Amino acid sequence: MLSVQQLQIDGRRDDLLPPTSLEARRGELLLVSGDGKDQRTALALALSGRMKPSNGVLSWDNSAKTKKVRAASALIDSPGVNEPEQHLSVRDLVTEDLSLIPRRYRGALLSKPWLKVNRFEDIAGLWIEQLPADRRLELLTALALADPALDLLVLDSPDRHSANTADWLPRLEQLAYDAGRPLAVVAVVSALPDTWDGPAAVIGNSVTHTAPAEPAEPLGNAPEDPEDIFETLQRTAK
């Protein structure tokens, strides 16, 4: 299980990530909403062990070691971080990503047979920018799961490619609730779908709000009108 308590990341002026708490279990899809692009990316990086938080606790299976969190997780399609370059073909992307699989799991993973087995032959010759949102997500998640050690998927703003939730939500539900390989899936999105009634959290949900100070009571019969104040100061000065 992924457990996060009061996770916070400092920014240059304001918090890059305001204090946030959440939990995600295997066999569960958690949607986390946040308005700011930078906040969403910071959270996704932290949840996958790619960015060190300034405060708070993050643990995976009761271990707070960043190395363990990172080894168990995949950060998928984070804008400006690891989103695929648009000029790459699907075939080249698959070749690159398979080469990053840990050697003990890689075996004879080659792009051509992998594309065939995973039913991506029809898009092998396309550029990344040509892919429909749903096929892009299918491809990137399938590539991540070529590493059998992964149990946690963290997706950064999958909704940015399509306003239609049908292009990304069913795929994430399928991955989370797969009985053969149940995963903890966390998607950081700009807004929760109207129809979503599953596990959810909001960036900044652990911010402590300070109660506003109560207004000071007026002193005696002190005048409030500026002209009255000026006359009072003149009398006092005499």
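The largest pocket in this predicted model holds about 680 Å³ of space. A pocket here is an open set of points on a 1 Å grid over the protein atoms alone, where a 1.4 Å probe fits, with protein on both sides within 12 Å along at least five of seven lines; lining residues have an atom within 4 Å of a point. The volume is the space filled by probe spheres set on those points. Of its 25 lining residues, Leu75, Asn82, Asp97, Leu100 and Ala144 sit closest to the centre. Two or more lining residues come from each of α2 (66–72), β5 (73–76), α3 (90–99) and α6 (133–144), and β5 gives the largest share, with four. Helices (H or I, at least four residues) and strands (E, at least two) are DSSP runs, numbered from the N terminus.

Now follow α6 to the second largest pocket, where α6 and α7 (169–176) each give two or more residues to the lining. About 300 Å³ of space lies here, and Asn118, Ala142, Leu145, Arg171 and Leu175 are nearest the centre among 15 lining residues.

Stay with α7 for a moment. Leu169, Arg171, Leu172, Leu175 and Ala176 are buried in α7, meaning under 20% relative accessible area with a 1.4 Å probe, protein chains only. These residues share one side of α7 because they cover an arc of only 165° around the axis, taken from the directions from the helix axis to the C-beta atoms. They pack against β3 (28–33), α6, β6 (152–156) and β7 (184–189), with contact meaning heavy atoms within 4.5 Å.

A note on reading all this: residues are numbered from 1 along each chain as its sequence is written, and side-chain values use heavy atoms, leaving out hydrogens and water. Local features need pLDDT of at least 70 and side-chain atom pairs count only at pLDDT 80 or more, while totals for chains, interfaces and linings use all residues.

Methods. Buried < 20%, exposed > 50% of the residue type's maximum accessible area, 1.4 Å probe, protein only.
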